[in-house]
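Here are a few friendly notes to read alongside the structure. Have it open as you go through the points.

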Amino acid sequence: MSSNFRSWPMTLLLGFLSLPIIVMMVYLFVDTVTDTTAGSLIPDRFTLEHWRFLFDAPQAGRSNIWSVTLNTFIFACSTSAIVVMTSLTSGYALSRLNMPYRRLLLGGVLTLHAFPTVTLIISIFLMLQMTGLYNSLLGVILVKTALELPLGIWVMKGFYDTVPWEIEMAGLTDGASRFTVWRRLVLPQVHPGLAALGLFSFLAAWSEYILPQVLAPDGASQVLATYLQNLIKDDRAPDFNMFKSVGLFYAMPVMIIYLIFNQKLMNIYGGGTKG
Amino acid sequence: MRRAHLLGLGFMTPALIIVFLFFLAPVVLTAVFSFTSMSSGTGISGGAYEINEQTLRSLTDRGFPKAKSEKLGHDLYRIGEEGLGAVEADFGKAFADEIRAELSGELFEGRRDLERELKKLRSRPRSIRDLKKAADLFKRSVLNTRFESETAFLDGVGETGVELTADDQAVLVKTAYTGWSWTTANYELITSMASTWRAAKNTAFYVLLTLSFNVGFGLFLAITTFYLPKGQAAIFRAIWILPRILPPVLYVMMWKWLTWDTGFLSIFLSNFGVEPRNWMLNSDINAWVCIVLINGFVGASLGMILFSSALRAIPPSMLAASEVDGANRWQQIRHILLPQLQWPILFTTSYQTLSLLTSFDYIYLSTDGGPGRSTEVWALYTFHTALNNYGGVLQYGLGAALALVLVVIGIAASLFYLRLFKFNELVSQPRIEQ
């Protein structure tokens, strides 16, 4: 920024403070393809053995990694799709349409956005048990969607707010209905927001652990988060190289999406408030 | 109603349905459940009526006459049509008819009494074993028998011949019921249990510590990267965003690898003669440091993003001007950067207070409240009570009561934030009235 300060002491300090994360990340990658003699920190042989889990038949009581991955994919995609579709309409209504109780609805969305949803998990657990959605992927998808929705609506409303009124007014003058204006003129304007929100909810569902763990602990509806955690919990003598391979496999889509869409997602994190 | 109204409400409908089902209903139900004794023992749908050894013991505790409860626990032999039918099928009509003629309606306290009477009959089976079998057919016991309804249960009790007063009956029905019931006991438990107070204390400690770390370190990262050359700043921001974007399970697993006794820290320090140990769980202090850092790294990165974007709004000319005037770096931070960050800091603080108060996933994944229960915060305590309990029954009712405390705090805080962050300015009227 400004040139009359020396920056290297700061770089050094920041570098030192970042060491834990750097060490963790470096070893996350290195340990998946190497073996290390016990008691040493420097890997000494190259091996692909830790990736066996991708091809071997699963041990008794464990699920197949590919069916678990498919579950995770279905979970994340469905959640993302429902959140995007619902936010797309409600965001527009809140941003642009004159309707009764508009203030109340806006306040409600904002309150829910701040509201810590994880406190509701006990009654949601009981509700799913009563309705028979317990232990099914569908139940988890619905719940995760609901929890992501307030953020989605709020973000979408923000994107709609930036669309110039003139576009809509022009459309209306030419005789189009409000609905047509939304579909033909406004929707194309919020494409970037739509993509960002879709990615964001996809990642949120992909990383989710507590909900699948509590609401669908069964093997058949397991997702990668619960699969990995079960591995870690079961093992008497932890094989961290294997955990890291599974973990890297699990986190790969997240990292790739971040590398590519970094800027887009930051928009939502900036406005997002959870955490 | 105008058409725009209809379109607006139509557009809102899917969201309203979801919000109703998964926010309003759970909030109300949390309150409802908190007044029940639901647990994995009672089940969540209705229950049945059953007298077992334990019921008998608690009956005596509740003032039920001991003589009567003992009688309920004994086997009784009543000569009735049901038993007679079974005898006819197994031992022939002659024997059954003779029993009917001689003993119909009689009641025996033990099998031996009944056997003695049966031995007197002429058409009895010859072998003693058959005689015992025949006697068993008349056994009527309520002990360990499930009755699906209250009337069936009382009929069953009536058959044993125990005379019940109205009071006795009420106590008996209540004690024998295996399902859940309405109660305020959960709230009494919450205020009286030592573990709740410990959880409350842990929570306050945890929120205070983590929040200071989040805001303080977030500020530090934002300001330092603000002064660094662009490339370096981008690298550090990318590094510090990692804790936030990595899935919690993987992130915490890496911390375990770092701190466990076969992990990085132990091996690294063994070079300096330090005994390998589990740095995460071997003492209370270490556990606290770990969970504050684990959560803090995640929270600090969010702070960093928010603060950095606020700093980017400062016009460069302002900074240049201050330098021309001879401001040192500290003065620049104090008088230009920090004032710019006022609102983001307030915002981060308030939102993170709420989310730290209620979220437990990182603690659950890392220490799970240990060692002992020294890092068990309120939200995790609630979770353990209701949903994840190694040593026994899951107490849904008590858990709901504990969760309701957080729900109430959550609603109150969210409403407060609405006022704090000037909600009214966010609600601008639509410009097209159609």
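**Notes on helices, sheet and interface**

1. Helices α4(A) and α6(A) cross in a left-handed way (left-handed if the near helix is turned anticlockwise from the far one by less than a right angle, right-handed if clockwise). Helices (H or I, at least four residues) and strands (E, at least two) are DSSP runs, numbered from the N terminus.

2. A word on the source: this is a predicted model, in which local features need pLDDT of at least 70, side-chain atom pairs count only at pLDDT 80 or more, and totals for chains, interfaces and linings use all residues. Residues are numbered from 1 along each chain as its sequence is written, while chains are lettered from A and ligands numbered from 1 in the order in which they are written.

3. Where do α4(A) and α6(A) meet? A:Val109, A:Leu110, A:Leu112 and A:His113 in α4(A) touch A:Pro150, A:Leu151, A:Ile153 and A:Trp154 in α6(A) (contact: C-beta atoms, placed from the backbone, within 7 Å). Seven of these residues are nonpolar, one is polar and none is charged (Ala, Val, Leu, Ile, Met, Phe, Trp, Tyr, Cys and Pro count as nonpolar, Asp, Glu, Lys and Arg as charged, and the others, Gly among them, as polar).

4. Chain B has an open sheet of three strands, ordered β2-β1-β3 with antiparallel pairing (a pair needs at least two DSSP bridges). Its edge strands are β2 (107-108) and β3 (139-140), each pairing on one side only. In β2(B), B:Phe108 lies opposite B:Tyr77.

5. Between the chains, 82 residues of chain B contact 82 residues of chain A. On the chain B side, helix α1 (residues 3-33) gives the most, with 19 residues. That side divides into 61 nonpolar, 15 polar and six charged residues.

Note on methods:
Two residues are in contact if their C-beta atoms, placed from the backbone, lie within 7 Å.
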